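Visitor: I would like to go through this structure term by term and hear what each label rests on. Please show it.

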Amino acid sequence: MTRAEAKERNRRALLDAAFEVVSRDGYRARLEEIAERAELTTGAVYSLFGSKNGLIVALVADHLRPYYEEIEQAVPAGLDLLEAVDAFARHYRRGCDAPDARAGLSLQITLLDMALHDPELGARLAASVRAQESHLVALFAGRPYKGGIVTLCQARRLTTALRALFVGLGQGVTLGLAPDADEQYFADTARALVSGLSLVERDADAP
C-alpha cells in the first residue's frame with residue numbers, strides 16, 4: 001500500500017467511525033472513541049482533519065457529496081424549471097424510503113444539536129452545506145420558466161426554499177407524521193412553492 005493509499009484508508013476509517021459515534025452521541029461524541037473505532041490514534045484525526053470540528057465538517061461533506069451526485073442524475077438537462085423541480089421532488093421522496101433514511105435523519109438532527117452548542121462549528125457546517133448546495137443551484141439555473149431563464153440568484157433562492165420544504169416533509173415521512181405524503185404530494189407541493197415564489201417576476205434584473 002502506498003502512502004497516499006494508507007492516508008485515504010485512514011481518512012475513510014475515521015469518517016465511518018465518526019458517522020457511528022456522532023449519530024449516537026452528538027456533541028458529546030469523544031474523539032478518543034472515534035479514533036479507537038477506526039483503529040487509529042487521535043493524532044491521526046489532527047493530522048488528517050486538523051481538529052474534531054474539522055472531522056465533523058468533513059463528515060458532512062462526505063455524507064452530502066453522493067446525495068447531490070444522485071440528484072444530478074435524477075434531474076436531466078432539457079427540462080424546464082417546473083419539470084426539474086418535479087423530478088427533484090420525486091427523487092427526494094424516494095430517498096425517504098431508503099434503508100438508511102433513519103440513520104440520515106439521526107445524523108441531521110444530531111448535527112443541528114451540535115451546531116447549537118458550538119457556534120464556530122455551526123458556522124463551518126453552514127458553509128459546508130452551502131458549498132454542496134451550489135450543485136443544486138447550478139442544476140436549476142439556466143432553465144426556462146414563465147418566458148424567462150432562471151438566474152443564479154433566483155436558483156439560490158429556490159434552493160433555500162426547497163431545502164426547508166423537503167427537510168420538513170422528509171422528517172414527517174420518516175417519523176410517520178406524514179403518511180399520505182407520496183411522490184405526487186411532494187411534486188405538487190414543490191411546484192406550488194415555485195409558483196408562489198414568482199422567481200422571474202421578482203428577480204428579473206438579478207445577475
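Visitor: Which residues form one aromatic cluster?

Guide: Tyr67, Tyr68, Phe88, Tyr92, Phe140, Phe166 and Phe186 form it. Rings of Phe, Tyr and Trp (its six-membered ring) pair if their centres lie within 6.5 Å; planes under 30 degrees apart count as stacked, over 60 as edge-to-face and the rest as tilted. By this rule the count comes to 8 aromatic pairs. One of them joins Tyr92 and Phe186, with 6.4 Å centre to centre and 25° between the planes, and this pair is stacked. Tyr92 sits in helix H5 and Phe186 in helix H9 (residues 183–197), 94 residues apart, and the pair links distant parts of the chain.

Visitor: What kind of model is this, and how are residues numbered?

Guide: This is a predicted model, in which local features need pLDDT of at least 70, side-chain atom pairs count only at pLDDT 80 or more, and totals for chains, interfaces and linings use all residues. Residues are numbered from 1 along each chain as its sequence is written, and side-chain values use heavy atoms, with hydrogens and water left out.

Visitor: What is the average pLDDT of the protein?

Guide: The average is 90, and 95% of the residues score at least 70; pLDDT is the predictor's confidence in each residue, from 0 to 100. Over residues 200–207 the pLDDT is below 50, and this stretch has 15 contacts in the model beyond near neighbours in sequence. Contact means heavy atoms within 4.5 Å.

Visitor: How many helices and strands does the protein have?

Guide: There are 10 helices and 2 strands. Helices (H or I, at least four residues) and strands (E, at least two) are DSSP runs, numbered from the N terminus. From that end the order is α-α-α-α-α-α-α-β-β-α-α-α.

Visitor: Why is the pair of Phe166 and Phe186 called stacked?

Guide: The ring centres of Phe166 and Phe186 are 5.7 Å apart and the planes are at 5°, so the pair is stacked. Phe166 is in helix H8 and Phe186 in helix H9, 20 residues apart. Both residues are buried.

Visitor: Why does Arg93 count as buried?

Guide: Buried means under 20% relative accessible area, exposed over 50%, partly exposed in between (1.4 Å probe, protein chains only). Arg93 has 11% relative accessibility, so Arg93 counts as buried. Arg93 lies in helix H5 (residues 81–95). Leaving aside residues up to four places away in sequence, Arg93 touches Val173, Ala181, Asp182, Glu183 and Phe186.

Visitor: What makes Ala141 buried?

Guide: Its relative accessible area is 19%, so Ala141 is buried. Ala141 lies in the loop between H7 and strand E1 (144–145). Beyond residues up to four places away in sequence, Ala141 touches Val150, Thr151, Leu152 and Ala155. Ala141 and Cys153 are 12 residues apart in sequence and 8.4 Å apart in space, C-alpha to C-alpha.

Visitor: How many residues are in the largest nonpolar core?

Guide: The core has 55 residues, of which Leu55, Phe88, Phe140 and Phe186 touch the most other members. H4 supplies the largest share of this core, 9 residues. A nonpolar core is a set of buried Ala, Val, Leu, Ile, Met, Phe, Trp, Tyr and Cys residues joined through side-chain atoms within 4.5 Å.

Visitor: How do you know that the span of helix H6 agrees with its number of residues?

Guide: The expected span of a helix is 1.5 Å times one less than its number of residues. Helix H6 (residues 101–117) has 17 residues and should therefore span 24 Å; its end C-alpha atoms are 25 Å apart, which agrees. The buried residues of H6, among them Leu105 and Met114, pack against helix H1 (3–25), helix H4 (52–74), H5, helix H7 (119–140) and helix H8 (152–174).

Visitor: Where is the kink in H7 centred?

Guide: The kink, of about 30°, is centred on Glu133. The bend at a residue is the angle between axes fitted to the seven residues ending there and the seven starting there. H7 has 22 residues and reaches 31 Å from its first C-alpha to its last, close to the 32 Å expected. Glu133 is one of the buried residues of H7, and the buried residues of H7 pack against H4, H5, H6 and H8.
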